[in-house]
Amino acid sequence: MKHRSTSDTISIIVFLTPAVLLFAAILIAPMVMSAYYSFFDWKGLGEAKFVGISNYKELFTSELTPFPSALKNVFILAGLSVFLQLPISLGLALILGRGIKGERFFLSVNFIPVLISTVVIAMLWKVIYQPKGLLNNLLRMLGILKEGDNNILFLADGPKGHLLGSVIAPMLWQYVGYHMLLMYAGVKNVSPELREAAMIDGATPWQVDRFIVIPSMKQVIKVCVIFSVTGSLKSYDLPALLAGMRSVTAAFPSTMLMNQMFKANRYGMGSAIAVLLILMCFAFALLINFIFREKDE
Amino acid sequence: MKKFLATVLVVVMVLSLAGCKDDKKKDGLSGKLTLWTIAVEGDSNYPAYQQALKEMKEKYPNVEVKMESTQNDDYKLKIKTAMQGNDVADIFFTWSCAFLGDFVENGKVYCLDDMYKKYADKLPEAMCRNTTYNGKKYGVPLTMNVVTLFANLDLLKKAGYDDVPTTYEDLIKCCDALLAKGIIPFGCAGAANQEWCITEYIEPLIIKTAGADVMDGIFQGTKSWNDDGVAKAIDTFNDFMKKGYFAADDAALDNDTVKANFIAGEYAFYQNGSWNCGDLAASGLNIKACEFPVIDASKSKLGQLTGGPNDTLAVFSGSKDCELAAQYCFELGQLICKYGYLAGSGLPAWKVDYEAKDVNYLTAQVAKLVEGANYLVLFGDNLQSTEATEIYLKEIRKAYNGEVSGKQFAEDLAKAIR
Amino acid sequence: MAKNKGVYQPNEYTIRKGGKAFGIFGVVLLVLWSLINLYPLFWMITFSLKDNQQIQKTHRFLFPKGLPNEWHWENYKALDYSSLLTYFKNSVIVTVLAILISMVAAMMASYAIMRIQWRASKAVNRMFLLGITIPVQASLVPVYMICRSFGWLDTRWSLIIPYAAFALAMSILIANSFIVGIPKDLDEAAYIDGCSRYGVFFRIIVPLMLPSVSTIAIYSFLQCWNELMFASVFISSSEYRTLPVGVQSYTGTFTVKWGPIGAVITIATIPMVIAYILLSRKIQESFIAGAIKG
């Protein structure tokens, strides 16, 4: 249908209306409000004072609102989830896709962490990270921690601790199954005939994966990358539960946002973080789209 | 600015009063009220609320009360959001000083001055100090709590001490003796987000070094953080850390675990709020509740404590029937106070006009301490403005990590807090 | 990531052995990873049967020492099942309605974007894409105000509509990827047969999009089911409370009884896991069936 008619215009409007309404009311309006308040010094109640871009300036210059370190942390997370978590998911999906016994069992089991509420995941990991907990015991058993060594203080918020890593690890782990399921669908999408034909021609399973399966999964991988990057940028639940919202070593943009908005009562500052976060997520989503599109041609 | 605020307040008050029903109800209260609290099923205060509400139902069968509870952290989010939307329960739980102050400043809270007169003989004026703004009362205090030094007497005995040392010098000797026996002196949660536990140590140290008036003045914004006493206190704390008075593992522990460790006999002392009395008394350990000794007698003395009435009920100015809510609020507050006290989750802000023999021995000891108290400085994270609190707690974290000297601590805060 | 270095050409390769060893290694890896992922369930269930002392003081994790010293079934007796059932019911209602609304809206929007040619379609699509990038935290207060002005506060709508909106972007993304797989010839043929846009949508697109339903549903489900922030701020009355908020109410400010918390999270999690295992075949099949692309 190459031509446009009035009836087309009407149907476009009709078809878009529900989505646009939802979108405008719940997503766009808050965004506009955030953008507006980001230029004010406002406690959330009472009068708001216009301050121009000073909230933004403070974010990057003041030691009290360590936005740069939050950015650094969130980029580490995003990088690890693209270059560590996704390859693991892909690897597992490829192994599964070769058709082994109990395929469905594995698929189901690996998805379970995604289903469990983050509150529970955080409780579990807190226990794992205890100074006398699973991880320290394991390290002692493996001889990595020697007799007389101090316990590793995973949840300590300072130079002696490993808070950032401790927050990131569960986030990476939790969503491996999620991406695996997505990628598995992509793997299974390759027709068995093509696979067989290649095998008969003498390709090893690895070669089949490398030259047939993975190239055909581009769309799925793109979606996974977008999800994991934007998901990382927005990550809130686990950092808030494991590190709280005040930590500098494990600051994330969303936890900083909540800390400024609702703990420090700096609504304008929180809004400024929100704006930057949204811009960042959008920029990355477009960038990823762009990278993958180029390879289409 | 203050004058302007006062005018705004008066206008708002008049408006909110006008919004209230005029017809006077005599004795039999009747109507519908909503109540927001943090006493969720798993909270230590839940039984006290339930008992108080039950008794209120018997006393005022015509008042229908709907209590809705939200978990502490979520509640803070909820009440702040709801205040922005002017959609709050008739009676709501709040923390005193800065937290309630923000709402009062914006005319969201109904003034309780008139209703207070009815209860003045049961509720000492001093207990309302933290919820009085511009000379007007806006809150009904429930329980009050102070930072208490809980000592495990059995462990002290192992180090050769039959009682808790009363002077600072003796306490230090005692700690060294404990260390020599392989016993960790103090338990203090230091994991991420547990800064409040660290303040339970640092604030008494500052008070006993620089004096309660200095600490109070600093928190209220009338004195500068840049004070020698503050610097000295932080250096003392750093010393404690260096000497190993705190277990290294504690840096990665939550308060729940530290408390469990204390109950399991891993530390000689645990300095935390008096709301722990009930649990600690029930642990079966031989514990004594006392106050941290004076460090600099020229500036401080015994009886200067950290704490005060904090848990509060207040009435929303947009309530349909403020007067009913106000009266109910006082009556309910009195009962919650009573049952909370009897359960060991704090000291009574209200006068005790009932049999209180069953109160656990630790709460009784803390009550004695408070009786002898001459200066109470409320917890820094409640007394300071919310914005200052966040800055303060971040600096507390640095002090705990040993990243700042006392002098730097004092200077940083003097510079950062407006 | 995926380097698209051209198409596979059979004659480039010779027969190679050694794939087998790698295969076994892979399977071992998979089994290990699966055990790790099963562990949270084991931990949760044993945790729910321990007493405070064992939960807090003895950190033993694996069989047999990770098992409760004594089996404290009374942890389960302490729970208020009638209210938990209400919370569960609310969660189901809220989630199902949110999924339905976002699914319908997404399919319609996807049709307009992908199947009707107009100049701004790509821009509109990109605008919707913006949706997956918006952090929920930023919108708490504005959404509260909006819900308030519609009178939705303290009703299930205050969760249904925002959840639907937040799930929308993802749903559209998925719907788009599915609609691409439906041959355009089908629409064209239908137009030639005299079908209107609406006719094509309902008679051809919707039936062929059915495999996407479970995909969209599961993504939306994951977003909505465990949501805590909106649910605790927008809902005050316990009769509309959702499961995560109900679970949260078992953790008090100071004194905490851990056993019942374990019990309540187990009760809240297990039905979902069972449902997933029962439905997993269906879910996975539709994943695969739906992913057909030209």
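1. Two strands are taken as paired if DSSP finds at least two bridges between them. On that basis, in this predicted model, chain B holds an open sheet of five strands with mixed pairing, ordered β2-β1-β3-β12-β6. Strands β2 (63-69) and β6 (140-141) of chain B each have a single partner strand and stand at the edges, so one side of each is left without a neighbour in the sheet.

2. Within that sheet, β3 (residues 91-95) and β12 (residues 311-315) of chain B run antiparallel and are joined by five bridges. In this pair, B:Phe93 stands opposite B:Leu313 of β12(B).

3. One helix should be read together with the sheet. Helix α13 (residues 322-342) of chain B lies across β1 (31-37), β2, β3, β6 and β12 of chain B, and its direction makes an angle of about 160° with β12(B).

4. Chain B is split into two domains, each made of two segments: domain 1 covers 2-144 + 308-370, and domain 2 covers 145-307 + 375-416. The centres of domain 1 and domain 2 of chain B, taken over C-alpha atoms, are separated by 30 Å. Their contact involves 23 residues from domain 1 of chain B and 23 residues from domain 2 of chain B.

5. What supplies the domain 1 side of this contact in chain B? Two or more residues come from each of α4 (98-105), β7 (143-152) and α14 (361-371) of chain B. Of these, α14(B) gives the most, with seven residues. The side of domain 1 of chain B that touches domain 2 of chain B has twelve nonpolar and eleven polar residues, and no charged residues.

6. Between chains A and C, 85 residues of chain A are in contact with 78 residues of chain C. Helix α1 (residues 6-37) of chain A provides the largest share of the chain A side, 17 residues. By class, the side of chain A that touches chain C comprises 57 nonpolar, 17 polar and eleven charged residues.

7. Chain B also meets chain C, with 24 residues of chain B in contact with 24 residues of chain C. On the chain B side, β2, α3 (72-84) and α11 (255-263) each supply at least two residues. The largest share, six residues, comes from α3(B). The side of chain B that touches chain C has six nonpolar, ten polar and eight charged residues.

8. One element links two of the points above. Strand β2 of chain B is an edge strand of the sheet, and β2 of chain B also supplies at least two residues of the side that touches chain C.

Notes
Residues numbered from 1 in each chain as written. Chains lettered and ligands numbered in written order. Predicted model: local features only at pLDDT ≥ 70, side-chain atom pairs only at ≥ 80, totals over all residues. Helix = DSSP H or I, 4+ residues; strand = E, 2+ residues; numbered from the N terminus. Contact = placed C-beta atoms within 7 Å. Axes fitted to C-alpha atoms, helices over the stretch in contact; angles between N-to-C directions. Nonpolar A, V, L, I, M, F, W, Y, C, P; charged D, E, K, R; others polar. Domains from an automatic or database assignment.
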